[in-house]
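Work through these exercises with the model open. Each task is followed by its solution.

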Amino acid sequence: MKPKDNIPRGILFMVGATVLFALASAASKWQVAIYPVGEVMFFRSISALAVCAAAVLPFTGLSVFATRRPRDHIARGLSQSISQTFSVLAFMLMPLAGAIAINFSAPLFSALVAVIWLKERPGPARWGALVVGFLGVLVVTDPGTDSLTAGALFALANAVMYGSVTVAVRGMTKTESANTLLMWQMVTIAVCHAFLLLFGFRWPTPSDAAMLVLSGVAWAIGQYLWTQALLFAPTTAVSPFYYLFLVWAIVLGYLVWGDVPTPGLLVGSGIVVASGLFLLWHEAQRRRPVAATVDDSAVPNDGPTPPLFSRPPTRQ
């Protein structure tokens, strides 16, 4: 059974998740300026796996990995490991807030892929939101007379991949528990990121090692708070607070790196956020008469992408 709605508690969990996601993202940006990207990703994913295993395995044992869809789990984890790496590369090459603002366009790509792949009929409202949202992405990326920067391209690749995978694996929660999805995801991502160590490794200092581990711990706890927020309150009530992630990123970018938000970033981010919120509201209204279902867009993934239409399954 789902817990009774507790909107204030759900909002509190969501705000807490955004703070931890912003801190983990800022830590990753700091770390990739010193250590190889593969090393940063591995430390983050292995420490996050340790946190999730400590929280799940004592109650489920290894039976949590029982599944008839191992190929789907591996494909999902592989795609997310690539998506997360793109995200951190974007942090390395551009201001933190800009990369996160572009990542907020993932739900737009998800809706577009659903139209193309699943042959969904969008209607004028969704088409309007998609067009306006993508214009906002152009304002944020500011291609100008030269070209898109490498950082913006990695951020866009992350958004496209995550939005596409969200549609491609939709329906896995009909057969898989939340814990099974979570543990398969964490193990697969950690294994994939371990291979990145072949491209470079540098022994971290004790303080840097602590930061590398704590960024993964913060990310994992943020995922937990994010999921709890969706369990305690309707998606439409808590999802708008997810966009505080961008506010914290702007603040951290200014305090740590001296990044002053440009008018293009502020205007473009506002357009992308407004489009995402409108899509959220529109889909909630459209699906209201239908019995509640859960899709994989509401299962913890790589952190900085807001849920769209439904709650995650109850933890088992």
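Contact here means heavy atoms within 4.5 Å. The model is predicted: local features need pLDDT of at least 70, side-chain atom pairs count only at pLDDT 80 or more, and totals for chains, interfaces and linings use all residues. Residues are numbered from 1 along each chain as its sequence is written, and side-chain values use heavy atoms, with hydrogens and water left out.

**Exercise 1.** Find the contacts of Ile-100, leaving aside neighbours within four places in sequence.

Solution. Select Ile-100. Its partners are Ser-25, Phe-91, Phe-245, Leu-246 and Ala-249. Now place Ile-100 in its core. The largest nonpolar core has 64 residues, and Ile-100 and Phe-104 touch the most other members. Such a core is a set of buried (under 20% relative accessible area, 1.4 Å probe, protein chains only) Ala, Val, Leu, Ile, Met, Phe, Trp, Tyr and Cys residues joined through side-chain atoms within 4.5 Å. Another core, of 5 residues, lies apart from it; Leu-108 and Leu-279 are among them.

**Exercise 2.** How do the axes of helix H4 (residues 96-103) and helix H11 (residues 244-257) cross?

Solution. Start with the axes, lines fitted to C-alpha atoms over the stretch in contact, with angles from 0 to 180 degrees between N-to-C directions. They come within 8 Å and cross at roughly 160°. H4 and H11 are therefore roughly antiparallel (angles over 145 degrees). Next, list the residues. Leu-96, Ala-97, Ile-100 and Ala-101 of H4 meet Phe-245, Leu-246, Ala-249, Ile-250 and Trp-257 of H11. Finally, sort by class: 9 are nonpolar, with no polar and no charged residues (nonpolar: Ala, Val, Leu, Ile, Met, Phe, Trp, Tyr, Cys and Pro; charged: Asp, Glu, Lys and Arg; polar: the others).

Conventions. Buried means under 20% relative accessible area, exposed over 50%, partly exposed in between (1.4 Å probe, protein chains only). Helices (H or I, at least four residues) and strands (E, at least two) are DSSP runs, numbered from the N terminus. Angles under 35 degrees count as roughly parallel, over 145 as roughly antiparallel, 65 to 115 as roughly perpendicular and the rest as oblique.
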